[in-house]
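Q: Could we go through this model together? I would like to start with the aromatic residues and then move on to other topics.

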Amino acid sequence: MQVQARFGETDALGHIINNTSYFVYLEEARIRFFESLGYSMELNDWKFILASTKCDFVSQGYFDQLLTVKTYVSRIGSKSFQLEHDIICSQTQQLIAKGNAIVVYYDFVNQKSDVLPELLKEGLKSYLLPA
């Protein structure tokens with residue numbers, strides 16, 4: 001996924017990307033990832049909750065910089081999986097930030113985690129980081 005850093009996502013001086021903006025980029029990457037697996041983004045059919053997320057800031061990002069967010073799967077459990085994200089400068093390939101998220105497959109009707117369907121596991125395996 002690519003994103004162009006907008007002015008409103010920068011610090012008070014308007015040049016360095018604010019740390020909170022990276023979490024917006026990671027959320028957008030997760031949504032695009034779920035869509036690539038064939039999951040609807042309709043709220044009445046939502047299947048995922050976020051159990052944990054973090055972001056390590058490696059380099060500075062700047063206003064109007066084109067960024068690429070690469071998403072990989074690092075772990076597949078019985079009810080959850082872990083995603084890894086690399087945010088890189090599209091022009092230089094410099095690593096800007098690294099993020100990860102633990103995502104739980106969730107049954108909102110019964111308000112509890114649910115077992116990952118086999119079809120989802122198969123889709124996740126195609127994005128699995130090599131060991």
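A: Ring pairs join F33, F34, Y39, W46, F48, F81, Y105 and Y127 into a cluster. Please keep in mind that this is a predicted model.

Q: How many aromatic pairs does the structure hold?
A: The structure holds 12 aromatic pairs. One of them is formed by Y22 and Y25, whose ring centres are 5.8 Å apart with the planes at 80°, so the pair is edge-to-face.

Q: How are Y22 and Y25 separated in helix 1?
A: They are separated by about one helical turn, because they are three residues apart in helix 1. Both Y22 and Y25 are buried.

Q: And what about the rings of F48 and F81?
A: Their centres are 6.1 Å apart and their planes are at 85°, so F48 and F81 are edge-to-face. This pair links distant parts of the chain, as F48 is in strand 2 and F81 is in strand 4 (residues 80–89), 33 residues apart.

Q: Is F48 buried or exposed?
A: F48 is buried, because its relative accessible area is 5% and the cut-off for buried is under 20%. F81 also counts as buried, with a relative accessibility of 0%.

Q: Back to Y22 for a moment. Where is Y22 placed, and what is its relative accessible area?
A: Y22 is in helix 1, which covers residues 19–36. Its relative accessible area is 3%, so Y22 is buried.

Q: Which residues is Y22 in contact with, leaving aside its neighbours within four places in sequence?
A: With those neighbours left aside, Y22 is in contact with I17, C55, F57, S59, Q60, G61, I87, I96 and A97.

Q: Now V69, please. In which strand is V69 found, and is V69 buried or exposed?
A: V69 is found in strand 3. V69 counts as buried, because its relative accessibility is 3%.

Q: What is V69 in contact with, again leaving aside neighbours within four places?
A: Its contacts are M1, Y25, L26, A29, H85, D86 and I87.

Q: What separates the C-alpha atoms of V69 and K98?
A: They are separated by 9.3 Å, with V69 and K98 being 29 residues apart along the chain.

Q: Changing topic: what volume does the largest pocket have, and which residues line it?
A: The largest pocket has a volume of about 160 Å³. Its lining consists of L43, N44, D45, W46, K47, Y105, Y106, D107, F108, V109 and D114. W46 and Y105, which line the pocket, also belong to the aromatic cluster.

Q: Let us turn to the backbone. What is the phi of D64?
A: D64 has a positive phi of about 70°, although it is not a glycine. Most residues other than glycine have a negative phi. D64 lies in the loop between strand 2 (48–57) and strand 3 (66–76). With a relative accessible area of 45%, D64 is partly exposed.

Q: And what is the phi of Q111?
A: Phi of Q111 is near 55°, again a positive value in a residue other than glycine. Q111 is placed in the loop between strand 5 (95–107) and strand 6 (112–113). Q111 is exposed, because its relative accessible area is 52% and exposed means over 50%.

Q: Finally, the chain as a whole. What pattern does the chain follow along the sequence?
A: The pattern is β-α-β-β-β-β-β-α, from two helices and six strands. The C-alpha trace spans about 45 × 35 × 20 Å along its principal axes.

Q: One more: what share of the contacts with a separation of 6 or more comes from residues 24 or more positions apart?
A: Residues 24 or more positions apart account for 63% of those contacts.

Definitions and conventions. Residues numbered from 1 in each chain as written. Predicted model: local features only at pLDDT ≥ 70, side-chain atom pairs only at ≥ 80, totals over all residues. Heavy atoms only, no water. 1 Å grid on protein atoms, 1.4 Å probe; cavity = no way out; pocket = protein on both sides within 12 Å on 5 of 7 lines; lining within 4 Å. Points joined across faces, edges and corners; volume = space filled by probe spheres on them. Helix = DSSP H or I, 4+ residues; strand = E, 2+ residues; numbered from the N terminus. Buried < 20%, exposed > 50% of the residue type's maximum accessible area, 1.4 Å probe, protein only. Contact = heavy atoms within 4.5 Å. Phe/Tyr/Trp six-rings, centres within 6.5 Å; stacked < 30°, edge-to-face > 60°.
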